[in-house]
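Please keep the sequence and the 3D view open as you read.

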Amino acid sequence: MIEKTLKGKPAYWIWLAILASVIAVGWACYFRQYVFGLGLTGMSRDVSWGLYISQFTFLVGVAAGGLMLVLPYYIHNYKEFGRITILGEFLAISALVMCLMFIMADLGQPLRGLNVIFYPTPYSMLFWDMCVLWGYLLLNLLCGWVILTSERKQVPPPKWIYFFVAISIPFAVSIHTVTAMLYCGLPGRHFWLSAIIAPRFLASAFAAGPSLILIACLIMRKYANFDAGETAMRKLTTIIMYAVIINTFFFLLEFFVGFYSEVPGHMHSLQYLFFGLEHHGEVYNNLVPFMWIATIFNFVGLGVFAYMKIAKVFDYRLVGFGSVLVFLALWADKGLGFVFAGFVPNPLEEVTEYYPTLNEIGITLGIWATGILLLTLLYKIAIGVEHEVEQ
Amino acid sequence: MNNKRRKFLKMAGATVLAGMGAPVLVKLHGTAQASADSEPAPAHAADSHGGGHGHGEEQNAGIRLGMVIDMRKFYDDEALLDEAIAACHLAHNVPDIDERKSEIKWIWKTGYGNAFPDHSHNRRSGSVENSAFPVLCNHCDNPSCVKACPTKATFVMEKNGIVSMDYHRCIGCRFCMAACPYGARSFNWQDPRPFITVYNPEFPGRNRGVVEKCNFCSERLGKGLEPACVEACAGTGAIVFGDLNDPESEISKVLHEEFTIQRRPAAGTRPSVFYIV
Ligand code: SF4
Ligand code: SF4
Ligand code: SF4
């Protein structure tokens with residue numbers, strides 16, 4: 001099936017070329033970082049995790065979000081998702097590959113990465129995160145490939161694969177739960193030390209994953225002659241809408257706990273994110289614009305989807321608009337604010353702000369481009385097979 | 001003083017010996033694992049809770065090294081503190097990086113409110129308000145950094161309770177830095193060697209990409225020496241070092257006589273460094 005990636009219109013090749021050049025820049029930046037050390041990033045003694053870990057956290061959610069297609073189709077037998085379930089599985093694969101690359105980019109000693117396997121440490125959540133991420137990646141590779149192969153041969157998939165599809169469902173939940181546990185089990189980091197982190201992660205994942213799939217569907221509808229079907233897309237917007245509502249609700253609960261209890265530790269990070277934190281006469285607020293833009297995007301995106309439901313209209317442009325807004329809002333929430341604000345203030349109540357360096361941004365973009373390239377190739381295969389079957 | 005010193009050396013020697021065949025009473029990783037260990041809830045000695053002692057009373061058995069920092073000795077003598085810090089950083093090849101972003105520090109000076117955010121209020125005495133407090137790794141009895149580390153590169157030495165590091169195993173994931181509620185850990189964001197002016201060949205240098213922190217001078221204890229910072233304050237009694245679990249040790253006596261506080265006790269890590277303020 002790989003050969004399907006080798007044929008395409010010029011636009012396809014131009015797209016791949018653009019991605020490839022971003023990847024090349026990413027590798028050049030990584031080479032610099034590899035030679036010098038992580039000092040080339042904006043991370044510091046106080047903010048010891050930066051863009052890499054925050055992108056990782058966000059992308060685990062994107063990977064888990066594929067569940068919102070797999071679950072209705074396989075468990076509830078929702079046939080409309082038949083054409084796009086494979087897209088969810090392939091999205092999970094690309095997102096997980098990006099996750100693993102972000103982890104590698106973040107390690108101070110990448111060559112020792114295998115120590116996590118040589119010295120397995122079950123009381124460390126990072127160990128379990130590695131286990132579930134790899135497990136989910138392999139499950140999706142297996143299920144995606146087997147199901148697509150049978151589709152191509154126009155035979156029903158072998159019965160045994162449903163066993164693996166079934167276990168991939170709790171796995172999807174577990175990858176994001178365990179990723180939340182990396183944060184929410186740490187004493188002394190008040191912003192993360194909250195039982196709502198895991199549910200909030202899941203809610204935002206179930207919005208971010210499907211909105212990316214919707215965006216991909218719209219692009220492929222325009223350029224690749226692939227129609228996911230209006231009913232399926234409608235259903236996805238409903239799923240996204242509810243997930244966004246739940247995520248927003250959870251987030252507002254954090255606000256309530258912080259600002260009603262007025263326990264300083266529970267307010268500081270939120271203050272830093274949304275209003276700026278004043279400390280020794282200086283105001284630290286570099287994330288404030290991002291968070292407010294994200295808030296606006298979040299509610300406008302929600303409004304768009306709600307309008308489509310209430311007014312009973314369906315418009316591809318509205319779907320695209322809403323999905324992009326929601327995706328960006330959730331990216332800012334988890335891919336920026338959540339991780340960086342956890343380090344503000346530091347355990348000694350000092351404030352250090354984090355600004356990623358150009359080199360770091362180069363690596364980050366390179367990894368995103370790698371993931372998108374992989375996603376493009378995988379989707380090309382999936383669509384190629386569908387077209388072949390239709391003929 | 002001489003007598004005191006001898007007593008200390010005896011203790012240090014015992015530490016080394018005890019390491020050979022000490023019964024493995026020290027639980028490697030506090031509460032998370034405690035329930036998995038078969039002993040039927042030994043930690044919850046009900047009576048120790050009864051008297052309103054609150055949390056932080058239970059502790060691991062075996063030798064547990066700790067430190068009492070007597071701030072009364074430092075209030076009027078910040079130079080003494082500077083000497084202690086310099087001695088530590090010299091003994092351990094700690095690079096001197098000026099930039100706050102990449103700095104590495106094992107023991108350093110900070111304000112009272114920074115060291116003790118949980119105890120801070122705005123009606124502090126003048127000496128507390130205006131003095132520098134030394135902070136370092138607390139060698140916690142229930143260290144969250146050890147729980148977080150995915151490779152056991154950070155671990156508790158069973159023979160003496162020191163939270164130690166293996167610089168050759170550390171993968172530089174910095175999970176331990178996020179997990180430590182005291183900001184005790186530093187990461188080598190770059191090659192530290194150009195920033196070391198005087199190199200001490202007796203202590204291993206670090207590569208870039210690994211985490212480091214105070215090791216309670218385990219390398220010096222092995223040779224029967226006191227920690228470098230303690231030695232720098234010799235004769236003043238500003239820092240008392242010893243076995244917290246030995247009722248006869250000097251540190252136990254000091255702790256018995258004086259009122260002390262720990263940094264962020266609410267984090268549940270049970271620090272082994274105490275302060276007389
Ligand atoms: S102070 Fe921090 S680094 Fe030191 S033992 Fe405690 S948790 Fe670990
Ligand atoms: S940085 Fe090193 S010591 Fe810290 S958690 Fe990672 S492997 Fe362990
Ligand atoms: S005990 Fe040793 S390593 Fe720790 S601060 Fe003192 S001199 Fe430095």
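1. Let's start with B:Lys109, which is partly exposed because its relative accessibility is 31%, a value between the 20% and 50% limits. Its partner is B:Asp82: the two side chains form a salt bridge, with N and O 2.7 Å apart. This pair ties together distant parts of the chain, as B:Asp82 sits in helix 5 (residues 78-91) of chain B and B:Lys109 in strand 2 (residues 107-110) of chain B, 27 residues apart. B:Asp82 is also partly exposed, at 35% relative accessibility. Please bear in mind that this is a predicted model.

2. A second pair in chain B is worth a look. B:Glu258 and B:Arg72 meet through their side chains in a salt bridge of 3.2 Å, N to O. Here too distant parts of the chain are linked: B:Glu258 lies in the loop between helix 12 (250-257) and strand 9 (273-276) of chain B, while B:Arg72 belongs to helix 4 (residues 71-74) of chain B, and 186 residues separate them. Where do these two stand on accessibility? B:Glu258 counts as partly exposed at 28% relative accessibility, and B:Arg72 is partly exposed with a relative accessible area of 41%.

3. A:Arg317 and A:Asp315 form a salt bridge, and their closest N and O atoms are 3.1 Å apart. Is A:Arg317 buried or exposed? A:Arg317 is exposed, at a relative accessible area of 66%, whereas A:Asp315 is partly exposed, at 23%. Over all chains, the structure holds 25 salt bridges.

4. Now to the meeting of the two chains. The contact draws 44 residues from chain A and 51 residues from chain B. Between them the chains bury about 3,900 Å², and carbon and sulfur atoms account for 52% of that area. On the chain A side, the residues that lose the most area to chain B are A:Arg45, A:Tyr123 and A:Leu348, which together make up 24% of what that side buries.

5. How many salt bridges are there between chain A and chain B? The count is 3. One salt bridge joins the side chains of B:Arg174 and A:Asp106, at 2.5 Å from N to O. In chain A, helix 1 (10-36), helix 5 (115-118) and helix 6 (125-153) each supply at least two residues of the side that touches chain B. That side of chain A is made up of 21 nonpolar, 16 polar and 7 charged residues.

6. Which residues are the closest to ligand 1? Of the 13 residues that surround ligand 1, the closest are B:Cys137, B:Asn138, B:Cys140, B:Cys145 and B:Cys180. By class, the shell around ligand 1 has 8 nonpolar, 3 polar and 2 charged residues.

Definitions and conventions. Residues numbered from 1 in each chain as written. Chains lettered and ligands numbered in written order. Predicted model: local features only at pLDDT ≥ 70, side-chain atom pairs only at ≥ 80, totals over all residues. Heavy atoms only, no water. Contact = heavy atoms within 4.5 Å. Buried area = accessible area lost by both parts, 1.4 Å probe. Salt bridge = Lys/Arg side-chain N within 4 Å of Asp/Glu carboxyl O. Helix = DSSP H or I, 4+ residues; strand = E, 2+ residues; numbered from the N terminus. Nonpolar A, V, L, I, M, F, W, Y, C, P; charged D, E, K, R; others polar. Buried < 20%, exposed > 50% of the residue type's maximum accessible area, 1.4 Å probe, protein only. Near = heavy atom within 4 Å.
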